[in-house]
Amino acid sequence: MVSSFFDYNDYNNPSGFGSSLEYYIFELANYSALVLLIAICYKLKYININSLIVWSGIFFLPLVLNYFLFSPSLFPDQFLYAGELISLKANGVSIPYYTRSQGIEQGLIAMFFDQSPVTFTVSLMGLAPIPNYMTVTSLAFANKFFLFFSFLILKNFFKNENILLLLFLVPSFLLYSSISIRETLIILLGIFFLLNMLRENYFIALLMMIPLLIVKIQLFAFFTLYFIGRLIFRAHKSLMAIIIFSGAILLVTFIFQESILQIVNLYRIGFAAEDMDLGAGVSGYDAWSVYGDAEALTIESIFELIFLAILGLPKIILMPLPNSWTNIFYPIQFLESIALVALYSFIAIKNNLLRNQEFIFLTFVLVLSLMLYSLMAFNEGTFVRYRFSLFLPFVFAIYYLSTLHQANPLKHKI
């Protein structure tokens with residue numbers, strides 16, 4: 001539901017709108033609808049009592065985070081996505097500002113699609129059947145709906161419901177799904193892509209990739225590498241196949257060196273420009289136009305690209321590093337980064353996956369993707385989200401792989 005009550009000017013005054021009674025009425029209605037949903041699922045025995053209790057708490061988080069614990073301005077993208085969706089639902093048109101290309105990623109996509117990535121993303125998120133789309137927090141409840149719906153589907157992949165539930169309690173997963181940003185959609189698409197690839201449901205996996213082309217073009221590129229490597233080179237079958245696939249990647253990068261370097265440098269300079277802040281209200285591209293040094297960031301060769309990517313790998317895995325902590329979430333996310341690497345390693349070691357070719361190829365693609373991300377990681381907050389959206393689907397994938405390995409320990413073993 002969207003009505004003329006909503007005034008976009010209130011959206012730009014988060015401290016005011018969040019203290020109003022109407023805000024809590026709208027969002028409590030959304031919370032109540034989701035609790036009713038899980039109560040029905042429990043009554044029908046789709047979920048157990050642990051899931052009923054935990055999901056009741058998970059659904060409540062959007063009410064606790066925005067306004068109550070911190071200002072939604074801490075994650076300003078919320079206003080972009082929520083404002084666009086409310087405009088679409090209330091007026092049937094995009095906000096004019098969002099129909100223009102915003103940033104490099106959207107500029108590249110705009111060359112191929114008439115609809116902006118923001119509009120496409122919120123159109124998908126807006127399919128959630130929640131009662132109200134009225135405030136900056138409404139899309140967070142849409143995220144929660146898709147999160148729970150995915151949980152129900154994933155119960156068909158994982159037999160142990162309680163362990164699956166634990167994977168949904170990763171702190172950043174709880175945080176990003178509790179605010180009005182696109183990360184939940186990206187993560188879920190990534191999870192279902194990888195799981196269907198492991199099941200050799202290539203057509204369904206391909207369907208998962210199509211929205212990623214618009215929603216997150218970098219992740220689409222990484223998953224394309226995995227798709228090609230598995231489907232064409234059969235790199236999940238042997239180490240020799242991975243070596244041949246790696247050689248093919250190197251050959252392509254040298255053949256198309258100029259175009260690849262142009263795209264990478266465009267992203268590097270773009271993210272560096274977006275992150276530049278001179279203070280006194282001068283930041284982003286305005287600051288870069290005066291003080292930016294594109295030449296200092298330009299990569300001149302594939303060898304330099306590989307060298308910088310290797311050097312940047314530890315940073316992208318562990319960020320946000322202590323010397324860059326600027327808000328309360330960063331120390332938690334730093335510890336979470338270490339914990340996720342430890343969890344990934346624990347699953348692999350406990351289930352004897354280190355010699356499993358599927359695991360080796362998955363890890364190869366993950367590391368390669370992280371190395372490419374490291375070349376552009378100039379903003380801690382942005383790339384903590386980017387890294388997490390990439391890493392978590394692989395955690396789900398290797399956990400699922402461990403269940404397959406237990407059933408057939410000799411399959412794909414070196």
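Start with the largest nonpolar core of this predicted model.

Now zoom in on Trp55. Which residues is Trp55 in contact with, leaving aside its neighbours within four places in sequence? Show Ile38, Leu147, Phe148, Phe151, Leu165 and Phe168, and you have them. Another core, of 5 residues, lies apart from the largest one; to find it, select Tyr23, Tyr67, Phe79 and Val136, which are among its members.

Time for some rings. The structure holds 44 aromatic pairs, and we will visit two of them.

First stop: select Phe158 and Tyr399. Their ring centres are 5.1 Å apart and their planes meet at 10°, so this pair is stacked. Phe158 belongs to the loop between α9 (138–154) and α10 (161–167), while Tyr399 is in helix α22, so the pair ties together parts 241 residues apart in sequence. Are these two residues buried or exposed? Both Phe158 and Tyr399 are buried.

Second stop: select Tyr176 and Phe388. Here the centres are 5.8 Å apart and the planes are at 65°, so the pair is edge-to-face. Tyr176 sits in helix α11 (residues 171–176) and Phe388 in helix α22, so look for a link between distant parts of the chain, 212 residues apart. Tyr176 and Phe388 are both buried.

Finish with two charges over rings. Select Arg199 and Phe157: the charged end of Arg199 sits over the Phe157 ring, 4.0 Å from its centre. Then select Lys216, whose charged end sits over the ring of Tyr386, 2.9 Å from the ring's centre.

Technical notes
Residues numbered from 1 in each chain as written. Predicted model: local features only at pLDDT ≥ 70, side-chain atom pairs only at ≥ 80, totals over all residues. Heavy atoms only, no water. Core = buried A, V, L, I, M, F, W, Y, C linked by side-chain atoms within 4.5 Å. Buried < 20%, exposed > 50% of the residue type's maximum accessible area, 1.4 Å probe, protein only. Contact = heavy atoms within 4.5 Å. Phe/Tyr/Trp six-rings, centres within 6.5 Å; stacked < 30°, edge-to-face > 60°. Helix = DSSP H or I, 4+ residues; strand = E, 2+ residues; numbered from the N terminus. Lys NZ or Arg CZ within 6 Å of the ring centre and 35° of its normal.
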